[in-house]
There are 2 protein chains.
Amino acid sequence: MTPIELQGQAAKAAARVLAVTGTAAKNAALAEIAKSLRENTDKILAANALDMGAARESGMRESLLDRLELTAARIAAIADGVEEIITLPDPIGKVENMSTRPNGLLIGRKKVPLGVIAFIYEARPNVTVDAAALCLKSGNAVILRGGKEAFNSNLAFTELMRAALSSAGLPENAVSLITDTTRESVGELMNLVSYVDLLIPRGGAGLINHVVTNAKVPVIQTGVGNCHIYVEKTADLEMGAEIIFNAKTSRPSVCNAAETLLVDRDIAAKFLPLAKAKLDTKNTELRGCAETLKILPDATPATEEDFYAEFLDYILAVKVVGGLDEALAHIAKYGSGHSEAIVTNDYAASQRFLEDVDAAAVYVNASTRFTDGGVFGLGAELGISTQKLHARGPMGLEQLTSSKYIIYGSGQVR
Amino acid sequence: MTPIELQGQAAKAAARVLAVTGTAAKNAALAEIAKSLRENTDKILAANALDMGAARESGMRESLLDRLELTAARIAAIADGVEEIITLPDPIGKVENMSTRPNGLLIGRKKVPLGVIAFIYEARPNVTVDAAALCLKSGNAVILRGGKEAFNSNLAFTELMRAALSSAGLPENAVSLITDTTRESVGELMNLVSYVDLLIPRGGAGLINHVVTNAKVPVIQTGVGNCHIYVEKTADLEMGAEIIFNAKTSRPSVCNAAETLLVDRDIAAKFLPLAKAKLDTKNTELRGCAETLKILPDATPATEEDFYAEFLDYILAVKVVGGLDEALAHIAKYGSGHSEAIVTNDYAASQRFLEDVDAAAVYVNASTRFTDGGVFGLGAELGISTQKLHARGPMGLEQLTSSKYIIYGSGQVR
């Protein structure tokens, strides 16, 4: 067996123990993890310093360096996050629709863990702890495969978590890190059908497409967001401008940020300059269709690709449309099924937009930036699923479970 | 585009219409389908006669011929089945957990169709109608790919259903049949990522493994059942014998039939002859472990493969175990995660079996043969999922849905 197969086997064994571990014991282990992170802040900072040094040497750009860097305050916030997960309700063990059938069998559907979750992610080391804590609380073992830039930080976190699990009397293999950070380890994880019940890739579109297309283990697709704000002709224009400004510029690097503005022809001449004035304060580049360019001559001409793009930057594609039908058709064609919003004061248009748009989250008169486990009331999340199977939208604890039917009989045969 | 790609594209377009079609219109189309099947019984019988003739010529064995054959009574029963689906509640449009968040956003999770479901199945032509009716009621378009043995019957059913959809004012492409019954069409369907939201293979283990391992579209694995009956030492022996007799012999060809009997050492000498007496009435071959052979010298020695096998026949593997732990370990190693049962009168053993066994359905004191959508109160079903993601156990209407968050705002930004 390869090292990763052995790791898979160990995780599977740990998952069988976790599946029958009660809430109190899981919470005690989470408390132990939070305590250990606080007590070993210096050790974590030293490991992170190695990653930061290497990243600076390799010329990593400032925004990524910021995502990689840990501070005492950030480590404390990570520990706080673990403690928040303690307060969330345990999804495991709940029995739904338990009822006695005509033949006397008492049948219900019980929530159970998935088993072993493999999680592939990129630079941010805090994700290591968030993911492990969510998996632990939901009774799953986790195999972490972080990016090489954060390797030392991830290893420090993982070692502390494994030790904390041991002191709490749970199997340390409930959390493990893949130390091979080459492409090969991603390939091996994707095919580990005997041990991995679910693989979640989080990162760039390239990684996600590669995994979705090639994995033999079950996968949940996360995160690619080509989100639209459609300003319908009856919209409050001031509200529309605030919403597109927020959705585009409050945090352009995240998947729920807007990438395209659609605006009705009837109001385009009035609305676009209003929106531009706000977007200009953040130096946002506008890439417009031909009609947009007539109204905003400074904008860059948009290409077909611009309407498919997830810029993750201060760039916004802009298109003038003839009304709701054209907006819906545009979103159906170019959207990634993440988050879509209409700004309108027309009741029928709002209802039709909610009904017709096929996406994880559909908004009326609000920014797409709200697509998030915390905002939606799920607590922390492991990513935003953009697929339709199993989980769609933010993946909180509940989305990390499966179920089994339990049946109490008294000798029934068929 | 290939014919199958064109079919996928047409199904996708139909799915967008179905997604916003109300319950009354879907039920009217189902009623139209049932009516058409009754009115065109002769046409269906003529098509089925072609299939039966070819099957007899090719030397198909009697039990398979019986599965392929349609009669007026069977067609009436199929039409009844469609009418039963009319009476089931529509899963689409239900909104769960709708609540106002602290920022004033009103957020809920709405049930929506998956989109396009591709369904690969084997000889029984009634499945063509069952599957189409379930998909239609749950707002999904379906692409059917049945076995070549039932081709003429499937085509007749599909043509009638498409015409019925048209007369009911719904897109006929909501139901379509792949007319290429070679292996190539399975391969093409598995990779139709632009159009297929879910692929469900139903059939032998070979087909299912091939699809699960190679598909690029999302798949739900169905049906392989290596089910165990474990007779624990405190069991009512008469009840145990009735249950294993029923689970093995009431219908050996189905996935919820038992394949292995586990029995505690303390009661084996008493229980095994009792069970054998019943199983002998159906000429069931017993393949036993060494200890079994000491008690039942006529049994065949079991090989390691026998304990992994899904016999789907009057053959039963038998193993004597040292107690609950050994039984649980055996099931964890050899089971397929379908249906598992304990026969016991020990409270703690029953609870531990329900807790520890990782399968779609876990029974105390009842036959595994009850794993079925109808028995479980889901109505009709499209198969039994043995995977943990999305749906586990019988797949009824609810399991053919996805969800989306709908959010009503009043200008919120983040």
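1. Two residues are in contact if their C-beta atoms, placed from the backbone, lie within 7 Å. By that rule B:Thr386 touches B:Gln221, B:Thr222, B:Gly223, B:Val224, B:Ser336, B:Gly337, B:His338 and B:Ala360, leaving aside residues up to four places away in sequence. B:Thr386 sits in the loop between strand E14 (384-385) and strand E15 (393-394) of chain B. Helices (H or I, at least four residues) and strands (E, at least two) are DSSP runs, numbered from the N terminus.

2. This is a predicted model, in which local features need pLDDT of at least 70 and side-chain atom pairs count only at pLDDT 80 or more, while totals for chains, interfaces and linings use all residues. Residues are numbered from 1 along each chain as its sequence is written, chains are lettered from A and ligands numbered from 1 in the order in which they are written.

3. Is B:Thr386 buried or exposed? B:Thr386 counts as buried because it has 23 C-beta neighbours inside 10 Å. The cut-offs are these: a residue is buried with 20 or more other C-beta atoms within 10 Å of its own, exposed with 12 or fewer, and partly exposed in between; C-beta atoms are placed from the backbone. One of its contacts spans a stretch of chain: B:Gly337 is 49 residues away in sequence, yet the two C-alpha atoms are separated by 5.9 Å.

4. Next, the relation of the copies. Chain B superposes on chain A by a rotation of 180° with 0.0 Å of shift along the axis, at an RMSD of 0.1 Å. That is the relation of a two-fold axis. In chain B, the residue that comes closest to the axis is B:His390, at 1.8 Å (C-alpha). The same surface serves both copies, as 100% of the contact residues of chain B recur in chain A.

5. Now the interface itself. It puts 53 residues of chain B in contact with 53 residues of chain A. On the chain B side, the elements that give two or more residues are helix H10 (237-249), helix H15 (347-356), strand E13 (361-366) and strand E16 (401-412). E16(B) supplies the largest share, 11 residues. By class, this side of chain B has 25 nonpolar, 17 polar and 11 charged residues. Here Ala, Val, Leu, Ile, Met, Phe, Trp, Tyr, Cys and Pro count as nonpolar, Asp, Glu, Lys and Arg as charged, and the others, Gly among them, as polar.

6. A sheet crosses between the chains. Its order is E10(A)-E9(A)-E11(A)-E8(A)-E7(A)-E12(A)-E13(A)-E16(B)-E2(B)-E1(B), an open sheet of 10 strands with mixed pairing. Strand E10 (300-301) of chain A and strand E1 (95-100) of chain B stand at the edges with a single partner strand each, so one side of each has no neighbour in the sheet. Two strands pair if DSSP finds at least two bridges between them. Strand E13 (residues 361-366) of chain A and E16(B) run parallel, joined by 5 bridges. Helix H15 (residues 347-356) of chain A lies across E12(A), E13(A) and E16(B), at about 160° to E13(A). Axes are lines fitted to C-alpha atoms, for helices over the stretch in contact, and angles run from 0 to 180 degrees between N-to-C directions.

7. Strand E12 (residues 339-343) of chain B has 5 of its 5 residues buried. B:Ser339, B:Ala341 and B:Val343 lie on one side, B:Glu340 and B:Ile342 on the other. E12(B) pairs in parallel with strand E7 (residues 227-231) of chain B over 4 bridges, and with E13(B) over 4 bridges. B:Ile342 is opposite B:Tyr230 and has B:Val364 as its bridge partner in E13(B).

8. Chain A also holds an open sheet of 4 strands, ordered E5-E4-E3-E6, with parallel pairing. Strand E5 (175-177) and E6 are its edges, each pairing on one side only. Helix H1 (residues 3-19) of chain A lies across E3, E4 and E5, at about 145° to E4(A). Helix H6 (residues 126-137) also touches E3, E4 and E5, at about 165° to E4(A).

9. Which residues have the most contacts inside the largest nonpolar core? They are A:Leu199 and B:Leu199, in a core of 143 residues. Such a core is a set of buried Ala, Val, Leu, Ile, Met, Phe, Trp, Tyr and Cys residues joined through C-beta atoms within 7 Å. A:Leu199 and A:Pro201 are buried on one side of strand E6 (residues 198-201) of chain A, A:Leu198 and A:Ile200 on the other.

Methods:
Least-squares fit on C-alpha atoms with pLDDT ≥ 70 in both.
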